[in-house]
Amino acid sequence: MASSDILSQTLSSITSIKLDEISSQRAAFEATKSDLLTVVNHEADPRKKVQQLLEGIEHLDSMSNVKDSPIFCLKNIKQFIEQAHSDPSVSTKLQKDWQAQLEKALDIQSLKFEYASLYGRLVNEWLSVSEDNDASDGGSDFEPVGRKEMHEQRAKWEEYVFKPCETDEAAIHLYLDKLFNANKAVRFAFDTLWHSTVRFEKEMASAVHFDDTSLKWVIEGLLRSDLVTDEKRKVLKDFLNNKVVLGEVADVLNMRMSSLDKWHWDPAGSQVEIRRQLNGRYRFYHDEDLLQAILLRYIGVKWSVHFKSVLTEFQSSEGVWKSSSQSVPLADQKRRDYFLGPKGMYSASAEGVEGIRRRHFEGEIFLEQLAEEIDERRGGYGDDSVDERDTRKSS
């Protein structure tokens, strides 16, 4: 897929997401507007009609342009309506004029939603026509056959993916309950982990996630990994150099994060790309839409950093992780220090083989695949290349 096609696909995704958001906002606005006008029409007193319109508009988030307008001051109208209760100088005609102005403001907002929806549909139509033209000009019936090994590994991969793994859920739950309730220290450490994860989940639900800074570390992480194709790498680099595009992408992804409970995979499925490695084996990669790839990487990295932190704290808690080394009795330590010296490299205070092994395990092996920092840069799985900008050794 050419980089221009990927850019068009990304623009189409941005437009579709914004159209969905506009559609939901428009539906909510029209329903509230209809209920408000129904109540106003059933009211006989002109003063109460205007008062109800004012209260209704104040509760509509989409009417902020009217509420903050220096020309059409709702605060002044509200004060005059309150004065009209005991002051006959505020005429009925003036109150009807205010009613007409407020209803017109509601109609104008309806037109804005309609025009925004129309513009989005026109953009999608233009992008679809462009894609059809590219397909008709550059289309090909060529389909790569691939090696025999590729088809064998593909069949094995499909068996792993599409064949459900039969498990005993009751036995798994029993094992985990026994594992995390082994003793008082383990239960306390697990409760700490649990509450920390609950707090983090609440923070994720209420935070504003995407801006120029967060998008840059997510995109740079994707570029350093082997998850995206060369064409998509070019588009991502263009994103980094264009603040306007970054702003649009951040806006759309924040919309997705705010309605994450409604997010779902494309019913049509996602494409999988098969790449041959230098060792002759094949690996399988999801070829996701760029916006979806950025969203999933962001969520994955945030949770990865959290779990790396809390699980490391859990593992280092006293009484949780059994050590393979045995403590040396005090009498043996004194005897050892007497013969070898208290400050020698062979003294009891030295780290020893088990200490070196423990430090190596905690620094290089334990949860090595999880990220330690959100802006961490490292190569992908099996990537032995070295980048001077990497902050951590590749896995």
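Start with Leu 122, which is found in helix α5 (residues 92–138); helices here are DSSP runs of H or I with at least four residues, strands are E runs of at least two, and both are numbered from the N terminus. Bear in mind that this is a predicted model, where local features need pLDDT of at least 70, side-chain atom pairs count only at pLDDT 80 or more, and totals for chains, interfaces and linings use all residues. Residues are numbered from 1 along each chain as its sequence is written, and side-chain values use heavy atoms, leaving out hydrogens and water.

Leu 122 is partly exposed at 46% relative accessible area (buried is under 20%, exposed over 50%, partly exposed in between, with a 1.4 Å probe and protein chains only).

**Stop two: salt bridges**

Now select Glu 158 and Arg 154, whose side chains meet in a salt bridge (3.1 Å, N to O). That term means a side-chain nitrogen of Lys or Arg within 4 Å of a carboxyl oxygen of Asp or Glu. Both residues sit in helix α6 (residues 148–162), four residues apart, about one turn of the helix.

Next, pick Lys 308 and Glu 372, another salt bridge, with the closest N and O atoms 3.4 Å apart. Lys 308 lies in helix α12 (residues 290–316) and Glu 372 in the segment after α14 (352–365), so the pair ties together parts 64 residues apart in sequence. Lys 308 counts as buried at 9% relative accessibility, while Glu 372 is partly exposed at 38%.
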